[in-house]
Each structure stands twice: as C-alpha cells, then as structure tokens.
Amino acid sequence: MAVKRLSTVARRGYCTWPYNYCDVPLNQAYPCPVTKRVPPSPQNAQGSAMANGTKIVVQDNGQATSLVGIYVDAGCMYEPTEKHGVSDFVSKMFFRSNLQSSDFHMFKTFQHAGANYWSGSVGKKLIAAKVECRRDTVPEIMTRLTEGFFVPRYAPHEMKNVREILENNAVTRTHHQKNYAVDLFTKTAFAGSPLANDTECPAFNVDALSHEDLINWWSTYFTPDRVTLAGVNVTQEELMAAYEQSDWSTANTVSHPSHAGALPPSAPKTIDAYTGGETSQYFRRTEAFVRKQFYNDIYISYGKKAPGYTNLKDYAVNLVAAGSVGGNVGENFGQEGLALCYENVSVIGGLVRCQPGSGEAAAKTLAATVNAIGSLSGTALETAKKVAAVTFLHTVNTREGLLDFLALHAGSAGVGKTVPAVLEAISAVSDADLKALGKTMDSAPPTYTSFGDLQTVPSLRML
C-alpha cells in the first residue's frame with residue numbers, strides 16, 4: 001500500500017503543503033492555448049494610464065520574442081532600518097506559489113510558453129518581475145504574472161528556501177568586486193539617507209523578517225497607483241487587454257481585503273540627503289581565497305553631487321559628464337564614468353580599477369578628471385557626447401535594458417523619457433551646461449571610496 005501511494009505521489013504533481021488546486025499529471029502538458037500572429041513593424045514607445053493610476057508603457061520593435069514586466073514603486077529606498085531587506089525578500093517571492101496557483105502550475109505555464117522569468121530591483125526605487133516569452137503567449141503569461149503579484153501566499157517552506165538564497169547572496173557580495181565598490185560608493189555618498197540602503201537583504205535581517213513583515217509591505221505598497229506595467233515587442237492594446245482579462249489584474253485589487261484599511265506609505269526621510277565623505281576597506285582576495293589565483297586589484301571611486309534625472313536636460317548633462325570621465329587609461333589602470341542618477345539627486349564621477357602599485361596615480365588622475373568636468377569644451381566635449389550616447393545605447397539596446405528604462409522613467413500619464421529624446425538631448429549639451437554642472441558639483445563635498453589592497457592609495461586629504 002505504501003509503495004502504491006509513493007508511486008502515485010511521484011507520478012502526480014503533489015506537494016506536502018496543503019494546496020487546494022487540481023493536480024496536473026506530470027506526463028501531460030499543462031493546458032495553455034497558443035494563437036499564431038505575425039509581428040507588426042517597429043513602433044515608437046507608447047504609454048497610457050488607467051483610471052486607478054496604473055501606468056502602461058510599451059515599445060514594439062516587431063520582434064517575435066516579448067519581454068513583459070510588472071514594476072512596483074516599493075524599492076529599498078522606502079525601507080526603515082529595522083525592516084531593511086524586506087523589498088528584496090518580497091521580490092524573491094514573486095514566482096513562488098500564490099493563493100490561485102502553485103509554483104508547479106506557474107512553472108508549467110512558463111515552460112509551455114518557452115518563457116524565461118526572473119525578478120529583482122531596478123535602482124533603489126522599483127522592484128519588478130519580468131518574463132521573456134513568445135509574443136503570442138503574452139495573455140497566458142500575464143495571468144500567472146498578476147497572480148504572483150496581487151494574491152501572494154508567502155508560504156513558510158518557500159520563505160525558508162528564499163532565506164538560503166539571501167544568505168548566500170550576503171556572503172558572496174564581495175566576490176563581485178565592481179558591484180560591491182559601486183555599492184560602497186553609494187552608501188558613502190548618501191550616508192544616513194534611504195538611498196544608502198542596499199538593494200540586497202543584509203545578513204542580519206535574513207532570519208529577522210517574518211511572514212507578517214512581507215504581508216504588511218505588500219499590503220502597503222502594492223496599490224494600483226504605484227504599479228507600472230511595461231512591455232517590449234508587444235503593443236499597448238495587447239498588453240492592456242491581457243492585463244485586464246487576467247483574473248487578478250490591478251482593476252480587481254482595489255477592493256481586495258488585504259488593501260482595505262492599509263496604511264498609506266510612509267514618506268521616506270529626505271531622499272536627497274547627499275553627504276559625501278570617504279570610506280576605505282582593505283581586502284586582499286589572495287588571503288581570502290588561498291587556493292585560487294585572484295588578482296589583488298584596487299577599486300577607487302570619486303564623484304560629486306549633481307541634479308537628479310527628473311529633468312531631461314539635467315539627465316543628458318549628467319550622462320555627458322560621466323562620459324567625459326570614462327575612457328582615460330593610465331599605464332596600469334583604466335577608468336570608467338559613474339552616473340548614479342535618482343529623481344532628486346545624482347552623483348557623477350568615475351570608477352578606476354588598478355594594480356596595488358598604481359593606486360596613487362590612479363586616484364589622482366580620476367580626481368583630476370572629475371574636477372575638470374566644468375571646463376570641458378571643444379573636441380573633448382564632442383568626444384564625451386559620443387561616449388555618453390554609445391554608453392546609453394549599450395544599456396537600452398537589450399530587451400531588459402529598454403524595459404527597465406521605460407518603467408523607471410515612466411510619467412504619470414505613461415511614457416516619460418524615450419530613447420530618441422535622450423539621444424537628442426545628449427547631442428544638444430553645450431559647454432555652458434557643463435560649466436553650470438561644475439558649479440553644482442563644487443558646491444558639495446566629494447565622495448571618495450576605495451576597496452582592495454590599499455597600500456598605495458592616498459587619502460582624500462592628500463588628493
């Protein structure tokens with residue numbers, strides 16, 4: 001009897017957790033109708049806003065593979081200290097089971113559609129779930145995607161699995177040295193501000209965050225007016241129709257019991273509290289990983305305060321300024337521009353990677369390049385504009401890069417900034433614009449960070 005029962009469990013999609021769903025035999029394909037269609041010709045970015053405040057932005061490039069995503073204005077910049085990491089935890093739970101479907105049902109739907117799916121943060125402002133699929137399966141994909149967003153389950157056994165992922169990410173953060181160096185630079189520039197919060201859950205809060213914390217975060221922030229629906233290689237009409245026809249679209253969540261009585265989102269602290277400062281962290285990879293051949297490279301960052309990205313002209317000037325920093329190469333180092341742009345404030349500077357013996361020369365060269373942004377003109381300005389345009393296009397020329405750009409810069413009525421508009425604004429930047437930016441940058445203290453084998457790296461005072 002036990003053997004027969006075990007074989008039944010192995011043959012059918014059962015789970016030990018008490019789901020109230022119909023099981024689907026594992027030897028059958030999950031029912032998911034497919035419609036054939038011919039992709040249209042490429043179109044410009046389009047957008048609109050629903051009556052409940054949800055924004056929709058799309059750009060159809062006429063390709064057969066679509067990328068759709070749901071973005072929520074619930075990133076780490078809204079987290080209080082005691083709940084630091086809750087937005088990362090919530091984003092990691094997007095494709096788990098929910099009150100409508102099990103994770104097995106979601107997997108079978110995505111598998112049948114030939115879909116690839118993932119979740120994560122977009123800057124400090126948004127968290128998102130994205131699915132790449134055949135464009136004729138977008139309606140079926142949207143049904144599963146909205147379920148994970150608007151009727152989450154947050155089952156204890158799945159939270160346990162996510163905790164293991166978060167712990168591993170926390171332990172291996174320093175393995176990705178460049179990303180860690182940028183995070184260190186951001187935390188120093190905005191010390192004491194919500195913009196200093198890490199996008200990843202810190203190790204000290206992995207076990208502290210509870211089921212109630214996730215539910216409270218979801219109930220407070222997952223409201224229609226904070227949601228942006230974005231798509232690439234799908235038309236606005238198709239995406240809106242698929243969204244509204246899904247069982248758990250935003251239109252149906254206005255009166256959802258979990259939203260009733262939810263407290264309005266608490267306003268974060270002053271999010272443009274730029275402080276600047278200096279931080280140094282000594283770390284030698286050959287000491288931490290004795291059996292592996294790692295270089296003891298140094299990562300040095302230097303930058304100053306600049307306007308935010310709300311205004312298109314300011315955004316373009318910031319990109320050109322960062323472009324002027326990138327491309328300078330010394331004998332044993334190379335540097336690239338950094339443009340950490342947020343709505344109300346940005347930090348423009350550069351990041352240099354060098355060998356231990358070149359720390360002093362690299363730091364002085366980087367600081368001199370950033371300090372000279374306000375005096376840029378002539379051939380140097382034209383070169384910086386070309387570098388900025390190429391760098392920007394490199395970011396948005398992928399489906400995910402374009403999707404994130406459309407969602408992050410969406411306006412209250414849908415489309416905000418567009419790729420052609422940004423390129424045009426970059427080409428219109430003048431030396432007077434950079435001179436004005438230079439005055440703004442000089443009005444605040446610089447941010448200077450270093451990470452790695454710091455034996456020859458000078459202090460900020462020495463620069």
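In which hand, left-handed or right-handed, do H10 and H14 cross? The crossing of these two helices is right-handed, where a crossing is called right-handed if the near helix is turned clockwise from the far one by less than a right angle, and left-handed if anticlockwise. The structure is a predicted model, in which local features need pLDDT of at least 70 and side-chain atom pairs count only at pLDDT 80 or more, whereas totals for chains, interfaces and linings use all residues. Residues are numbered from 1 along each chain as its sequence is written, and side-chain values use heavy atoms, with hydrogens and water left out.

The protein contains 15 helices and 11 strands, these being DSSP runs numbered from the N terminus (helices H or I, at least four residues; strands E, at least two). Of its 463 residues, 50% count as buried; buried denotes under 20% relative accessible area, exposed over 50%, and partly exposed the range in between, with a 1.4 Å probe and protein chains only. Among contacts (heavy atoms within 4.5 Å), residues 24 or more positions apart account for 79% of those with a separation of 6 or more.

The largest nonpolar core comprises 63 residues, a nonpolar core being a set of buried Ala, Val, Leu, Ile, Met, Phe, Trp, Tyr and Cys residues joined through side-chain atoms within 4.5 Å. Helix H4 (residues 138-150) supplies the largest share of this core, 6 residues. Apart from this core lies another, of 53 residues, which includes Val-57, Val-352, Leu-366 and Ile-426. In soluble globular proteins, nonpolar side chains tend to be buried together. The residues with the most contacts inside the largest core are Val-68, Val-90, Val-131, Met-142, Phe-190, Phe-222 and Leu-239. When residues up to four places away in sequence are not counted, Phe-190 touches Leu-195, Ala-196, Ala-273, Tyr-274, Thr-275, Tyr-342, Val-345 and Val-347.

One of these partners, Ala-273, is situated in the loop between helix H8 and strand E7 (277-282). Ala-273 has a relative accessible area of 27% and is therefore partly exposed. With residues up to four places away in sequence again left out, Ala-273 touches Ala-189, Phe-190 and Ser-193. Ala-273 and Asn-344 are separated by 71 residues in sequence and by 9.7 Å in space, C-alpha to C-alpha.

The axes of H4 and H8 (residues 236-245) come within 8 Å and cross at roughly 50°. Axes are lines fitted to C-alpha atoms, for helices over the stretch in contact, and angles run from 0 to 180 degrees between N-to-C directions. H4 is therefore oblique to H8; angles under 35 degrees count as roughly parallel, over 145 as roughly antiparallel, 65 to 115 as roughly perpendicular and the rest as oblique. The crossing of H4 and H8 is right-handed. Val-138, Pro-139, Met-142, Thr-146 and Phe-150 of H4 make the contact with Leu-239, Ala-242 and Tyr-243 of H8. By class, this contact of H4 with H8 has 7 nonpolar, 1 polar and no charged residues, where Ala, Val, Leu, Ile, Met, Phe, Trp, Tyr, Cys and Pro count as nonpolar, Asp, Glu, Lys and Arg as charged, and the others, Gly among them, as polar.

Helix H10 (residues 312-325) packs against two further helices. Its axis and that of H12 (residues 378-396) come within 7 Å and cross at roughly 105°, so H10 and H12 are roughly perpendicular to each other. The contact involves Tyr-315, Leu-319, Val-320, Gly-323 and Ser-324 of H10 and Leu-381, Ala-384, Lys-385, Val-387, Ala-388 and Phe-392 of H12. The residues of this contact divide into 8 nonpolar, 2 polar and 1 charged. The axes of H10 and H14 (residues 419-427) come within 8 Å and cross at roughly 65°; H10 and H14 are therefore also roughly perpendicular. This contact is made by Leu-312, Tyr-315, Ala-316, Leu-319 and Val-320 of H10 and Ala-421, Val-422, Ala-425 and Ile-426 of H14, and its residues divide into 9 nonpolar, no polar and no charged.
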